[in-house]
Amino acid sequence: MSYQSLYRKYRPQSFSDVVGQEPVTTAIGNQIKSGRTGHAYLFTGTRGTGKTTVAKIFARAVNCEDPRPDGSPCGECEMCRGIADGSLMNVIEIDAASNNGVENVRTIIEEIAYRPQKGNKKVYIIDEVHMLSAGAFNALLKTLEEPPEYVLFILATTEVGKVPITILSRCQRYDFHRMPVETLVSRMQSVLSEEGTKVEDKALSFIARQADGSMRDALSILDQCLAFNFEEVLTYDHTLEILGAVDNSVFTRIMEDITEQKLADAIKLLDDTVMKGRDIQAFVADFIAYMRDLLLISAEGDTEADIADILGVSTDTYEQMKSVAKKLETDTLIRYIRIFSELSAQIRYSSQKKTLTEIAIVRLMHPEMQEDAAAMRQRLAILERKIDKLERDGVKVNAASQQTGAAVQAPAKKLPLPKALPEDVQMACDNWGRIRADASGALKSLLAEAKPSTDGSNLVIVCGNDVSAETLKDNADDLKAILERELKKEVTFVIYGPGKGEDPDTKYPDLESAINFDVEINDNF
Ligand SMILES: [Zn+2]
């Protein structure tokens with residue numbers, strides 16, 4: 001007898017055998033018991049969640065002469081046996097992916113006109129129904145609305161969004177959910193005990209995680225591993241090897257190298273992994289999943305046991321991951337995931353998968369290549385770690401950072417100028433013409449109408465009016481630069497402009513003498 005896959009061999013034959021979709025199987029079982037089934041159903045959900053399996057049980061149940069208490073087919077009556085061995089044509093399965101045209105639907109409509117030779121119902125299971133063409137959907141619509149009472153439609157789809165609303169509204173809809181890791185594991189365990197094969201629990205958890213909620217995938221991955229494994233027990237390590245997958249501990253080591261800025265070590269690990277024949281695309285996908293898990297761990301509260309369960313990892317692995325997660329900021333992790341998600345898209349069609357992956361690792365370690373806030377915070381964290389290390393090595397960091405600071409600033413900042421003495425300020429007033437000549441643009445004309453003066457220690461610049469004064473204040477930096485250039489001193493100055501009808505003397509009492517003095521000087525200049 002030819003080999004039958006585990007998925008087919010152990011395909012559930014009754015509603016109670018179907019795991020993980022209890023709300024659906026209970027509802028449909030109840031309808032069968034009460035004899036109140038509808039005429040059109042839509043099963044939606046990701047692949048391998050049991051849509052077709054439940055549809056087949058349903059199709060036999062509506063024809064069964066003596067359904068079981070839960071509504072399942074008995075499996076023994078003439079109808080059940082006839083459908084199972086193919087001698088009765090009450091159940092018709094159509095794959096819409098390859099039969100998606102109007103003519104395919106017309107064929108169905110023509111057949112529907114004839115009652116089944118035996119049994120109550122003719123059941124049409126249309127798989128991947130979203131693949132039907134627009135014309136085919138239209139052709140189906142009328143029949144779906146009012147089929148003969150002996151017809152039952154079960155439409156199944158992985159992409160309910162692509163099914164027209166007119167079809168949806170004519171069906172009873174049931175959603176099939178992804179199955180949790182523990183459901184997949186316990187189902188695999190019961191299959192394995194029937195088979196008399198031993199598999200490590202850790203291997204089963206790993207397979208369940210790879211299957212991502214799909215029972216079909218879980219059982220086919222298990223199939224694949226068993227086919228390759230000639231040992232007595234299928235171990236976790238064998239499973240990793242067979243699937244070309246990477247052990248979590250490798251990711252933990254790479255992550256540690258990344259946080260410690262050990263580029264060479266991280267690249268070497270990647271190299272070793274690739275040399276062992278691991279697929280880079282899968283490596284990148286698994287690493288993203290690993291980082292997502294770290295994110296969950298770093299976000300968790302006191303519910304450790306739950307998280308370890310959700311992640312489906314052993315306590316050891318969990319502890320390892322936790323210590324890595326502690327060293328990473330949430331922002332940093334999100335940035336890493338973003339970089340690797342971009343990488344995952346990039347390498348799909350690239351022949352330079354390994355090089356691109358190495359570059360991504362470099363990007364993880366060098367946040368200075370990016371300008372966003374998360375990268376900045378990471379740069380800070382790296383700096384802090386470096387300073388910590390320096391301090392541990394006995395370097396006095398305060399002195400060092402001051403020196404560094406001075407060295408960095410030196411080229412930009414001139415040596416501080418000595419403060420101007422009263423005689424220097426007087427000199428400025430005396431040489432106003434030279435200062436005026438040094439200015440350009442708006443500043444030049446503002447200085448032309450302004451009168452320089454001194455209050456004893458500061459330079460006082462009196463403008464013709466308050467508007468000019470404000471404008472001059474806007475140009476204060478340029479003026480300061482000119483004064484420093486001309487006097488080689490740091491001059492503090494006050495800019496003053498009287499408002500309309502305002503007496504300068506009341507606002508600036510000391511001004512009068514100064515103005516008089518300076519005005520004369522300047523006029524003479
Ligand atoms: Zn039966």
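What share of the contacts in the protein chain with a separation of 6 or more is accounted for by residues 24 or more positions apart? The share is 75%. Two residues are in contact here if their C-beta atoms, placed from the backbone, lie within 7 Å.

This is a predicted model, in which local features need pLDDT of at least 70 and side-chain atom pairs count only at pLDDT 80 or more, while totals for chains, interfaces and linings use all residues. Residues are numbered from 1 along each chain as its sequence is written.

## Overall content

The protein chain holds 27 helices and ten strands. Helices (H or I, at least four residues) and strands (E, at least two) are DSSP runs, numbered from the N terminus. Of the 525 residues in the chain, 31% are buried. Buried means that 20 or more other C-beta atoms lie within 10 Å of the residue's own; exposed means 12 or fewer, and partly exposed is in between, with C-beta atoms placed from the backbone.

## Nonpolar cores

A nonpolar core is a set of buried Ala, Val, Leu, Ile, Met, Phe, Trp, Tyr and Cys residues joined through C-beta atoms within 7 Å. The largest one has 43 residues. Y41, F43, F58, I125, F153, I154 and L155 have the most contacts inside it. Leaving aside residues up to four places away in sequence, I125 touches A55, A59, V91, E93, I94, I154 and A156. Another core, of 27 residues, lies apart from the largest one. Its members include Y290, M321, L333 and A360.

L141 sits in helix α6. It has 14 C-beta neighbours inside 10 Å, so L141 counts as partly exposed. Not counting residues up to four places away in sequence, L141 touches T166 and I167. L141 and T166 are 25 residues apart along the chain, and their C-alpha atoms are separated by 7.5 Å.

## Helix packing

Axes are lines fitted to C-alpha atoms, for helices over the stretch in contact, and angles run from 0 to 180 degrees between N-to-C directions.

| Helix pair | Angle | Axis distance |
|---|---|---|
| α9 (residues 201-211) and α10 (residues 215-228) | about 130 degrees | 8 Å |
| α8 (residues 181-195) and α10 | roughly 45 degrees | within 10 Å |
| α17 (residues 330-347) and α18 (residues 353-365) | about 165 degrees | 10 Å |

Angles under 35 degrees count as roughly parallel, over 145 as roughly antiparallel, 65 to 115 as roughly perpendicular and the rest as oblique. A crossing is right-handed if the near helix is turned clockwise from the far one by less than a right angle, and left-handed if anticlockwise. For residue classes, Ala, Val, Leu, Ile, Met, Phe, Trp, Tyr, Cys and Pro count as nonpolar, Asp, Glu, Lys and Arg as charged, and the others, Gly among them, as polar.

Take α9 and α10. They pack at about 130 degrees, which makes α9 oblique to α10. Their crossing is right-handed. From α9, I207, A208, Q210 and A211 meet D217, A218, I221, L222 and C225 of α10. Seven residues of this contact are nonpolar, one is polar and one is charged.

Helix α8 also packs on α10. The axes cross at roughly 45 degrees, so α8 is oblique to α10. Here too the crossing is right-handed. L184, R187, M188 and V191 of α8 meet M215, A218, L219 and L222 of α10. The contact has seven nonpolar residues, no polar ones and one charged.

α17 passes α18 in a right-handed crossing. Y336, I339, F340, L343, Q346 and I347 of α17 make the contact with K353, L356, T357, A360, R363 and L364 of α18. By class, eight of these residues are nonpolar, two polar and two charged.

## Positive phi in two loops

Most residues other than glycine have a negative phi. D212 has a positive phi, near 50 degrees. D212 lies in the loop between α9 and α10. It counts as partly exposed because it has 16 C-beta neighbours inside 10 Å.

Q261 is not a glycine either, yet its phi is positive, about 60 degrees. Q261 lies in the loop between α12 (248-259) and α13 (263-275). With 13 C-beta neighbours inside 10 Å, Q261 counts as partly exposed.
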